[in-house]
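Reader: Hi! Could you walk me through this structure in plain words?
Author: Happy to, here it is.

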Amino acid sequence: HELASRGAFVTLLDCRGVGLGATQASAGMLVPFLEGSGRPILPLAAKSLDMYDAFVERISGDSGIDVGYRRTGSLQVATADEPLGELQGIAADATAAGLECELLDADGARDAEPQLTPDVHAALLIRSHGFVGAAGLSEALSAAAVRRGAIVRAPARAERIARRGDSIEIQLGDG
């Protein structure tokens, strides 16, 4: 909106159509304390998750589209042939970052998810984790961008990008 008021605009290009590339293969899992544990990116991923509720609320409001976002938690399990140390390490990282998590024994794991295989001997429950419907989020982001003045061209493939003074010129495959 600020760009449009200054005479600038945004054009989004997508060679397949909005959300039809890698997005449609995405599981939409929001689990930074499982995927980022022990890695330098964990603080950034945790901060991003903290901001996600407000982000989804804004995109849903701007677009009028329900994104399909829920904080249902995650359950990382260890089977009898896997050491408990990995789950304990993730739990320690998460706790150090101020996150509530719960290390469960076999009975606790099956109470949390009755369909688990009998060889599960422990699990880590992180209630703040969640998921987002990637296709719905892409659709909502596109619709919100259009409502705020962006142009969406899909399918459109960029063939060449060049600087022209203070501007950027993008040559599309269709001319």
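This is a predicted model: local features need pLDDT of at least 70, side-chain atom pairs count only at pLDDT 80 or more; totals for chains, interfaces and linings use all residues.

Reader: Thanks! What order do the strands have in the open sheet of three strands?
Author: The order is 2-7-3, with antiparallel pairing. Strands here are DSSP runs of E with at least two residues, helices are runs of H or I with at least four, and both are numbered from the N terminus. Two strands pair if DSSP finds at least two bridges between them.

Reader: Which strands stand at the edges?
Author: Strand 2 (29-30) and strand 3 (69-70), each with a single partner strand, so one side of each has no neighbour in the sheet. Strand 2 is joined to strand 7 (residues 130-132) by two bridges, and Met-29 has Phe-131 in strand 7 as its bridge partner.

Reader: New topic: how many salt bridges does a search of the whole structure find?
Author: Seven. A salt bridge means a side-chain nitrogen of Lys or Arg within 4 Å of a carboxyl oxygen of Asp or Glu. One of them links Asp-62 and Arg-58, at 3.7 Å from N to O.

Reader: Where do Asp-62 and Arg-58 lie?
Author: Both lie in helix 3 (residues 42-63), four residues apart, which is about one turn of the helix. Arg-58 is exposed, with a relative accessible area of 54%. For these words, buried means under 20% relative accessible area, exposed over 50%, and partly exposed in between (1.4 Å probe, protein chains only).

Reader: Which side chains does Glu-169 meet in salt bridges?
Author: Glu-169 meets Arg-160 at 3.2 Å, N to O, and Arg-164 at 3.5 Å, N to O. Glu-169 is partly exposed at 32%, as is Arg-160 at 36%. Arg-164 is partly exposed too, with 45%.

Reader: And what pairs with strand 9?
Author: Strand 10, through six bridges, and the two run antiparallel. Arg-160 has Gln-171 as its bridge partner in strand 10. In the hairpin of strand 9 and strand 10, with two residues between the strands, Gly-165 takes a positive phi near 65°.

Reader: Is the peptide bond from Ala-154 to Pro-155 cis or trans?
Author: That bond is cis, with omega near -5°. Pro-155 lies in the loop between strand 8 (151-153) and strand 9 (158-164). As background, most peptide bonds are trans.

Reader: Which residues form the nonpolar patch on the surface?
Author: Leu-13, Ile-161, Ile-168 and Ile-170, with about 380 Å² of accessible area together. Patches are made of residues with over 30% relative accessible area and no salt bridge, joining like charges within 9 Å and nonpolar side chains (Val, Leu, Ile, Met, Phe, Trp, Tyr) within 5 Å. Areas come from the Shrake-Rupley method with a 1.4 Å probe, and for residues only the protein chains shown count as cover. Ile-168, found in strand 10 (residues 167-172), is exposed at 57%.

Reader: Last one: which residues form the negative surface patch?
Author: Asp-81, Glu-82, Glu-86 and Asp-119. Asp and Glu count as negative and Lys and Arg as positive, while His and the chain ends are not counted. The place of a charge is taken as NZ of Lys, CZ of Arg, CG of Asp or CD of Glu. Asp-81 lies in the loop between strand 4 (74-79) and helix 4 (85-96), and counts as exposed at 68% relative accessibility.

Terms used. Residues are numbered from 1 along each chain as its sequence is written. Side-chain values use heavy atoms; hydrogens and water are left out.
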